Amino acid sequence: MAYNILISDPLSEDGIYPLRQAEGFNIVVDTDLTPEQLGERIGEFDALLVRSQTQVTREIIEKGTNLKIIGRAGVGVDNIDLTAATERGIIVVNAPDGNTNSAAEHTIAMLMSLARNIPQAFHALKNQKWDRKSFIGVEVKNKTLGVVGLGRIGAEVAARAKGQRMNVIAYDPFLTPEKAEKLGVQFGTIEDVIKAADFITVHTPLLKETRHIINKEAFEKMKDGVQIVNCARGGIIDEDALYDAIVSGKVAGAALDVFEEEPFVDHRLLTLPQVIATPHLGASTVEAQEIVAIDVSHDVVSFLKDGVVKNPVNLSSVPKDVLAKIEPYFNLVEKLGSFLSDLTDGVPEEVNITYSGELSNIDVRPLSRNAVKGLLKSKLGESINDVNAKFHADRIGIIVNELKTTKAKGFTSLITVEVKTASATRKVAGTLLNGLGPRILRVDDFIVDVVPEGHLLFIRHKDQPGAIGRVGTLLAGEGVNIATMQVGRSEVGGDAIMMLSIDKHVEESGIEQLKQLEDISDATTIDL
Ligand SMILES: NC(=O)C1=CN([C@@H]2O[C@H](COP(=O)(O)OP(=O)(O)OC[C@H]3O[C@@H](n4cnc5c(N)ncnc54)[C@H](O)[C@@H]3O)[C@@H](O)[C@H]2O)C=CC1
Ligand SMILES: O=C(O)C(=O)COP(=O)(O)O
């Protein structure tokens, strides 16, 4: 299998060696594409690798008809339309750890430069001005640093600020008092943080909840003479409000690595002497660039070859030990979903997936996604995969419930999938038999033992002499050979089922004839 990979932002050449080494990977590096050129070419590629500059818009994603994976060699994915990627079943991966240290070091460098006017003084010297009066700074020791967003980078910045003898107060909606205590930082609301701080640094992702989280009202609550650092994302701070707050004297200075619009050549904020800036250099170190490129390249190779990724952004990630336990069930659970899709008429309203036995103790969400994928794929087509299965289920309004019980009726693990439509409830259960592979063990309330593969025929009939013979004769007339056959019944002479494994698909006309046979109430073909 050959794969075409496009790298559209500058990535470390040393870091992309996993891609260069992978067999069948054709790599194109073109970091000068305009959005129009990218749109024209993207259809040729299986994978797209970017940093923060390439805007991976819905339009680009829709033109990427062969795209399977988008790799972000860095953390922030606000330049990628995640909704569009998810809808189209394209997995997005990033490299969340590789540039933490560089971004934290850059933040501290900006903080110190801001406090001591280093860039402004250097600029004066370059212009042949020996000026010591204009650049009197402030110490950071014993000052309070307010950290908004105490994730990977925020926590590193907090630790280093403590090394500078600063007091640190942090706000993060996912911060627990325990984590705050462990990091030796004070724990507060956003209001506590912005009121207490002499310096404020933001380290959240850019989300709709964090866009302009530092705005006019926030500036009004701050201490007079506060200094602001943004090495996270343009847009977290309202740039117009920051401009006004600096001009009014409320804010003494700002150090910015990121901007609402990037790149630019002129920026109103840079006309203010209190503002120092770098052109989005937080992650621009040799070390960080090598690590992020390695991480994202590994994920692209392993996804295209084996369907496995370490750092998914639009799927929940699964630890290796859990993946090892659930991976053998991927195929079975997808087949259970497909089986039910063929068995049910009408739109599914509710899907209940019950995990019994050993599977009840682990994170089985990837299995549930595969069950939904199987259920939807035969109705909506091959474009359904585990990235977009949940999106399409939500879109249709299907409620998916995951249930767990330790009791597995003697099996190590048993998975039961039940589908409710407006007119019926159908269910199917299966397991992995040691050494024998996947088996369907129950259809509705009937016990069976079927390999979920190939063409199956599910028949409901009355337990009467001759019913089985009539089915055999009719299928023979259609040229359909029966490979295996099982019969189950609720009671002698009562409702019964036949589960046949057959060598070819039975046409609709054959199914209609089967349904007309005496004592046969229903017949369904299932193709797995
Ligand atoms: N300037 C640069 O070159 C770089 C910038 N970044 C930016 O820094 C951001 C943070 O990176 P990491 O620390 O690695 O991410 P992270 O995911 O480890 O941390 C983000 C933190 O923000 C918190 N958060 C989310 N919503 C919040 C809210 N409304 N208020 C306060 N906190 C909130 C989260 O709970 C999390 O703890 C990235 O999303 C990226 O945009 C990252 C690397 C380099
Ligand atoms: O990782 C991030 O979020 C960054 O902002 C780094 O961006 P870059 O890869 O340097 O364009």
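Predicted model: local features only at pLDDT ≥ 70, side-chain atom pairs only at ≥ 80, totals over all residues.

Which residues have the most contacts inside the largest nonpolar core, and how many residues does that core have?

A: Residues are numbered from 1 along each chain as its sequence is written, and chains are lettered from A and ligands numbered from 1 in the order in which they are written. The protein chain has an average pLDDT (the predictor's confidence in each residue, from 0 to 100) of 94, and 100% of the residues score at least 70. For the complex, the predictor gives an ipTM of 0.99 and a pTM of 0.84.

The largest nonpolar core has 98 residues, and I5, L48, L49, A158 and A170 are those with the most contacts inside it. A nonpolar core here is a set of buried Ala, Val, Leu, Ile, Met, Phe, Trp, Tyr and Cys residues joined through C-beta atoms within 7 Å. Buried requires 20 or more other C-beta atoms within 10 Å of the residue's own, exposed 12 or fewer, and partly exposed is in between, with C-beta atoms placed from the backbone. Helix α12 (residues 286-306) contributes the largest share of this core, nine residues; helices (H or I, at least four residues) and strands (E, at least two) are DSSP runs numbered from the N terminus. The core lies between domain 1 (3-96 + 287-306) and domain 2 (100-277), because both give residues to it. The domain bounds come from an automatic or database domain assignment. In soluble globular proteins, nonpolar side chains tend to be buried together.

Contact means that the C-beta atoms of two residues, placed from the backbone, lie within 7 Å. Leaving out residues up to four places away in sequence, L48 touches L6, S8, I42, V56, G64, L67 and I70. G64 is also among the contacts of G43, together with K63, T65 and N66, when neighbours within four places in sequence are left aside. G43 sits in the loop between α2 (35-41) and β3 (47-50), and it counts as exposed because it has 12 C-beta neighbours inside 10 Å. From G43 to I90 the C-alpha separation is 13 Å, over 47 residues in sequence.

A residue is near a molecule if its C-beta atom, placed from the backbone, lies within 6 Å of it. Of the 32 residues around ligand 1, the ones that come nearest are G76, G149, G151, P205 and G282. Helices α5 (100-116) and α7 (152-163) each supply at least two residues of this shell, and α7 gives the most, with three residues. By class, the shell has 15 nonpolar, 12 polar and five charged residues; Ala, Val, Leu, Ile, Met, Phe, Trp, Tyr, Cys and Pro count as nonpolar, Asp, Glu, Lys and Arg as charged, and the others, Gly among them, as polar. Around ligand 2 are R51, S52, Q53, G74, V75, G76, N99, H280, G282, A283 and S284, a shell of two nonpolar, eight polar and one charged residues.

The loop between β11 (251-256) and β12 (275-277) holds P263, and the peptide bond from E262 to P263 is cis, with omega near -10 degrees. Most residues other than glycine have a negative phi, and most peptide bonds are trans.

The domain assignment also gives domain 3 (320-527). The C-alpha centres of domain 1 and domain 3 are 38 Å apart, and six residues of domain 1 are in contact with six residues of domain 3. On the domain 1 side of that contact there are two nonpolar, two polar and two charged residues.
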